[in-house]
Amino acid sequence: MQPKVPSNSAIASRMEQDWDARARENAEFYIATGNERWSPEDFFRGGKINVENDILADPQLIRGDGEFSRMRVLEIGCGAGRMTRAMAEAFAEVHAVDISAEMIALATRNLSDLRNVFLHKNNGVDLSGLPSRSCDLAFSFIVFQHIPSRNVIENYIREVHRCLKPGGMFKFQVQGCMAVESTHEDTWMGVPMSLDDARALARLCGFELLCSSGEGTQYFWLWFQKPKWPWIPKPLQSAASQALRHVRNALRKRARLTFSTRKVRPGETYIVAVPAFPGQVIDIAYEYSPAQKAPPVIGVVVEWCQLDSRGKARIPVPADHPAGRVRITGVRSRTHCGPWFRTNKTIEVAPKLAP
Ligand SMILES: C[S@@+](CC[C@H](N)C(=O)[O-])C[C@H]1O[C@@H](n2cnc3c(N)ncnc32)[C@H](O)[C@@H]1O
């Protein structure tokens, strides 16, 4: 006789009890088991590194119209807010759910200074309460690897599909090591998943499996995309999005870009903000016109600089830079070899002050 499969709500109530107990015992350790006693700085630094590597630098998530600073992201299983904090720096809004009220209480305390984070204690199986088609991106790390039920995981994926806007991406990590033994009673070792399982789940829940990495390992990452135009036959969909990207590039949108100052002297530093490319290395093309001489433009120069997670970079002006006007004519993401965006911003380099 087949063993009776417990209901989703019975599994959820076990997960809730266990995660509440883990949060009371040593939340930070059960969230990131690399250290038994985390300092708050190291705990959140680890989350920031994960966000930078797994979200901000992920070319699949940037594609074309990916301006994080305008996007609303959904995080499943936020714990004490380890990654949520860094997500809030890069995204317009973060909506984060967790099954454990104890974890949500910790996250609420840890993130109380942030105005764009919305924390929700959920029931561990769905996203009820979150509106349909409201999120641009959904993300989950080291959560599904603990869920001991394929049904619950499938239910979450259906729910994410409901909450994503068309074209939105769900990037998540599952247990990919098929040797892992998982039972419904154990809420630490979740059900493992093969690439075939992932393909089947994507199809069942209306997603396209865009790509995967780490198959067969604990860190099996999946990129599920909600089709942008479900009414267009599948083989034509990627051609359609490519065409759209070409049109968008052809229009060569202007990049929003600001300087901390209009005038700078040789040897000083100014801040340039390009919020469209947080955390990325960008190329900057500029023309330089010397103060009084003709012809006015002496050439187009391309330089690069690294932006922080808010899209800002400090740019030093060389001590021997001659006085004149520097006009930034274009920027592009070097990290993702993106298209050039036209700009028309000028900064004045004033003559060096006499020592
Ligand atoms: C290992 S922690 C990871 C937290 C966070 N993702 C991070 O990387 O810092 C796992 C978190 O997932 C939550 N969790 C476990 N099962 C869940 C479920 N079915 N639904 C929502 N959250 C869940 C736990 O309460 C816990 O906070």
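An open sheet is formed by three strands in the order β8-β10-β13, with antiparallel pairing, where strands are DSSP runs of E of at least two residues, helices are runs of H or I of at least four residues, and both are numbered from the N terminus; two strands are taken to pair if DSSP finds at least two bridges between them. At the edges of this sheet lie β8 (258-259) and β13 (312-316), each of which pairs on one side only. Two antiparallel bridges connect β8 with β10 (residues 269-273), and Thr 258 is placed opposite Ala 273 of β10.

The model is a predicted one, in which local features need pLDDT of at least 70 and side-chain atom pairs count only at pLDDT 80 or more, whereas totals for chains, interfaces and linings use all residues. Residues are numbered from 1 along each chain as its sequence is written.

In total, the protein has eight helices and 15 strands, and its C-alpha atoms fill a box of roughly 90 × 50 × 35 Å along the principal axes. Of its 355 residues, 35% count as buried, that is, with 20 or more other C-beta atoms, placed from the backbone, within 10 Å of their own.

Around the ligand there are 22 residues, of which Trp 19, Gly 77, Gly 79, Arg 82 and Gly 124 come nearest, a residue being near if its C-beta atom, placed from the backbone, lies within 6 Å of the molecule. Both α1 (8-31) and β2 (93-98) supply at least two residues of this shell, and α1 gives the most, with three residues.

Terms used
A residue is buried if 20 or more other C-beta atoms lie within 10 Å of its own, exposed if 12 or fewer, and partly exposed in between; C-beta atoms are placed from the backbone.
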